[in-house]
Amino acid sequence: MFELILLAPVHEVETLSDALDALDALSVSVEDADAHTPAEQALFGEPGMPPPKAGWERSRIVALFATEALAKGAATLLQAQDFFVGCHVVAIQAVPEQDWVRLTQSQFTPVEITPEFWIVPTWHEPPAQAKQVIRLDPGLAFGTGTHPTTRMCLRWIAARGTSGQSLGRVLDYGCGSGILAIGAAKFGAVAIDAVDIDEAAVESTRANAQANHVQLQTGLPDKAVGSYQTVLANILATPLRVLAPLLCGHVQPGGNLVLAGILERQADELKAAYLPYCQLQVQDEQEGWILMTAQF
């Protein structure tokens, strides 16, 4: 395979990307041409915030083609277009042969939740100090233990389990890969319902539960029935606000609500949204994300 690498101003990124797609590019990626320099720009979006730009002021576009002839043909056609003014062909180069499976696996190593609790891909041996292990491989559903929100939720679960405080009946709402539900099972939950709006997440959770030899009830959100000692929801701030009455309605008296997927700056708006039902408190913080909890 061959890469066609272009340099383009931000206002031509979308046009070039569409053109490359029409010219049979196997993939098109856009990067900051000034990455790792003082001119590097951060582009990101959050629910409720203005959408990010389509690209950076100086964008590096990398298109992958099946053959060198296709890459060269695409470059020739693009350079003849009016919209290519201000753009440049940087290179056409062969993509080195790689063992892509090995490369992907090398990017996922065991993740420490606590010194004795680890998330370990199936191709790794657990660390010697690990007394509790979740086996989890990267898949289509969100949640491999690497994100701060997931780690904070798992730390909370582990702290409850190791201190002798029962998790009781648990609801994992928006279960993704099922990692929180599996963690709850590892730390003594009585029964667990793991639900998600995404069928792929439900299937992923079911498969991961079987791989970890734990029992879960999985399904779409209508499978969440009755009250729970522990309700976990690691989603994002906007859906958490909308779900406030539903989630709080599932927490039994004396139970715990655990929310994540929240940025530090969103703490007050979450407290306000949940105030009719409970008093949320910031329980943990990591890399700009927070964990919020409430006891009923």
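So, how many salt bridges does the count come to? The count comes to 9, taking a salt bridge as a side-chain nitrogen of Lys or Arg within 4 Å of a carboxyl oxygen of Asp or Glu. Before I go on: this is a predicted model, where local features need pLDDT of at least 70, side-chain atom pairs count only at pLDDT 80 or more, and totals for chains, interfaces and linings use all residues. Residues are numbered from 1 along each chain as its sequence is written, and side-chain values use heavy atoms, with hydrogens and water left out.

Okay, lysine 131 and glutamate 116. Their side chains form a salt bridge at 3.4 Å, N to O. Lysine 131 sits in the loop between strands S6 (117-120) and S7 (132-135), glutamate 116 in the loop between S5 (111-114) and S6, so the pair ties together parts 15 residues apart in sequence. Strands here are DSSP runs of E, at least two residues, and helices are runs of H or I, at least four, numbered from the N terminus. Lysine 131 is exposed at 66% relative accessibility, while glutamate 116 is partly exposed at 40%. For those words: buried is under 20% relative accessible area, exposed over 50%, partly exposed in between, with a 1.4 Å probe and protein chains only.

Next, aspartate 193 and arginine 169, bridged at 3.1 Å, N to O. Aspartate 193 is in strand S9 (residues 191-195) and arginine 169 in strand S8 (residues 169-173), so this pair links parts 24 residues apart in sequence. Aspartate 193 is buried at 9%; arginine 169 is partly exposed at 29%.

Last one: glutamate 203 and arginine 206, at 2.6 Å, N to O. Both lie in helix H6 (residues 199-211), 3 residues apart, about one turn of the helix.
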